[in-house]
Amino acid sequence: MFSVDDTIVAIATPVGRGGIGVVRISGPDAAAIAATLTNSDKPFEPRHATLARIDTGAAADQVIVTFFPAPHSYTGEHVVEISAHGSPVLLRAIVAAAMRRGARLAEPGEFTFRAFLRERIDLVQAEAVRDLVDAVTPLQARAAYDQLEGTLTERIHAADARLFDLTVKLEASLDFPEEGYHFIESGDASREINEIGASLDALLASASRGRLVREGLQAAIVGRPNAGKSSLFNALAGAGRAIVTEIPGTTRDLLTELVDVEGIPMTFVDTAGIREGAADPVEREGIARAEAARDVAHVVVVVLDRSRALTDDDRAILDATKDRARVIVANKADLDSAWSLGDVGGSVLPVSAKTEEGLSDLRRALANITGGDTARDVPAVTNIRHMDLIERARSALARAAAAADARTPEEFVVADLEEARRLLEEVTGVRTTDDVLHAIFERFCIGK
Ligand SMILES: Nc1nc2c(ncn2[C@@H]2O[C@H](COP(=O)(O)OP(=O)(O)OP(=O)(O)O)[C@@H](O)[C@H]2O)c(=O)[nH]1
Ligand SMILES: [Mg+2]
């Protein structure tokens, strides 16, 4: 998909201005190109910061050049990093000058792709690089970093290695024409297969939570007009994003805001108050949008007004969300209560968007509804691609164990074990098709 023998260049720091900006060059000619850029006649000392001057004609700067000779670099090739002042104009001029000297502009993800190709990292780690860079909550960054360190890879390799041993034993039996399991008892084989399967189950158990951490979820804030939805939305977002007034029917459009809720990236959606019999077409459209947001959200926050008696509109909203993952809040807890929490079936959290009382309970309830303690357990599997492959490997193992139990000829057991191995090796990229690689790396930005 990429040519891999030439020298590539790109700006590695984000678009925009900063104290420094880094241009990265990787490939066989990296050092030679950097030498002519800086007019330096002696070779760069490996892994030392060298002060140099670049004059491209269009722009000039004092820079720091660091040379990482192959294979001890990010890509596994010769890499030169040039740190200049963080001006887009300057950085682009340096890239252009490197291109005039024979470098090619890197494609998105190409540095990381080369690292994968030169076996500096596996595919899980390459994906973790992207997740780490894209993380919006510390827990996401933590989960990505763990994968970058190879925790998931290790567990996959361990399962794969055990499968390999078992396959070898079963295949050895195949060389003997008489029937029967010669080098391993069928009972021992199925026991071993089930143990390996259990290790995959443990990975999968972390997966639904892991995905939430990685991908986040949507929480729609719904309730009747004037219940305090927008006030609550603002309090959760920590900013006065939504208009709040004492007039019922203030909010019409959907507003969204991404918030870190105990490590889970949650997109809160503020919606129009839902009520029967709205006549104004703008309000009616707002209500339709609110209902649509309510119906697609992963979680619903139902806001009731504690200071006013419950109405039919409240009951209709409670009824419409009764089978959903939801948290019911009794807002305006700072005012006198017009009803008691027991009046609503199920648990109701008293909160006040005004004083922020009960808000941390609400955050905890939202994090819990999505699956337990966030603080400690760092998930191993966060990526749906990995999850799918591990699940399929798990099914292949279940088939293999059943076949061994039934004393089916070894080749059938081996076929299922081979299938499981192929799937596991696709996770780490030992065996991966070009299409999969392409799909993964095209989602990187240039310079990564
Ligand atoms: N005392 C008190 N007042 C609140 C609280 N939350 C909201 N309010 C007031 O209730 C009124 C309505 O608040 P909004 O946040 O606009 O309510 P809403 O549910 O978004 O209303 P619509 O957008 O019209 O559906 C405003 O006057 C708020 O100041 C609260 O916790 N305590
Ligand atoms: Mg509102």
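## Basis of the values

The model is predicted: local features need pLDDT of at least 70, side-chain atom pairs count only at pLDDT 80 or more, and totals for chains, interfaces and linings use all residues. Residues are numbered from 1 along each chain as its sequence is written, chains are lettered from A and ligands numbered from 1 in the order in which they are written, and side-chain values use heavy atoms, with hydrogens and water left out.

## Overall form

The chain holds 15 helices and 12 strands; helices (H or I, at least four residues) and strands (E, at least two) are DSSP runs numbered from the N terminus. Its radius of gyration is 29 Å, well over the 22 Å that the globule rule gives for 448 residues, so the chain is more spread out than a compact globule. That radius is taken over C-alpha atoms, and the globule rule is 2.2 Å times the number of residues to the power 0.38. Along the principal axes, the C-alpha trace spans about 80 × 80 × 35 Å.

Of the 448 residues, 48% are buried, where buried means under 20% relative accessible area, exposed over 50%, and partly exposed in between (1.4 Å probe, protein chains only). Among contacts (heavy atoms within 4.5 Å) between residues at least 6 apart in sequence, 67% join residues at least 24 apart. The chain exposes about 20,800 Å², and carbon and sulfur atoms supply 52% of this area; the areas come from the Shrake-Rupley method with a 1.4 Å probe, and for residues only the protein chains shown count as cover.

An open sheet of six strands has the order 3-4-5-2-1-6, with mixed pairing. Strand 3 (50–55) and strand 6 (104–105) stand at the edges with a single partner strand each, so one side of each is left without a neighbour in the sheet. Two strands are taken to pair if DSSP finds at least two bridges between them.

Strand 1 (residues 8–11) pairs with strand 2 (residues 18–26) in the antiparallel sense over four bridges, and I8 has S26 in strand 2 as its bridge partner. These two strands form a hairpin with six residues between them, in which G16 takes a positive phi near 120 degrees. Strand 2 also runs antiparallel to strand 5 (residues 79–86), joined by eight bridges; here G18 stands opposite G86. Strand 5 in turn pairs with strand 4 (residues 60–68) in the antiparallel sense over five bridges, with F68 partnered by V79.

## Strand 9 and its partners

Six of the seven residues of strand 9 (residues 264–270) are buried, so this strand is largely enclosed by the rest of the structure. Strand 7 (residues 217–223) runs parallel to strand 9 and is joined to it by five bridges, with D270 as the bridge partner of I221.

Strand 8 (residues 255–261) runs antiparallel to strand 9, with seven bridges between them; V259 is partnered by M266. Strands 8 and 9 form a hairpin with two residues between them, and E262 in the turn has a positive phi of about 50 degrees.

## The surroundings of E418

E418 lies in helix 14 (residues 410–428) and is partly exposed, with a relative accessible area of 29%. Not counting residues up to four places away in sequence, E418 touches T167, E171 and R431. The C-alpha atoms of E418 and D160 are separated by 9.8 Å, although these residues are 258 apart along the chain.
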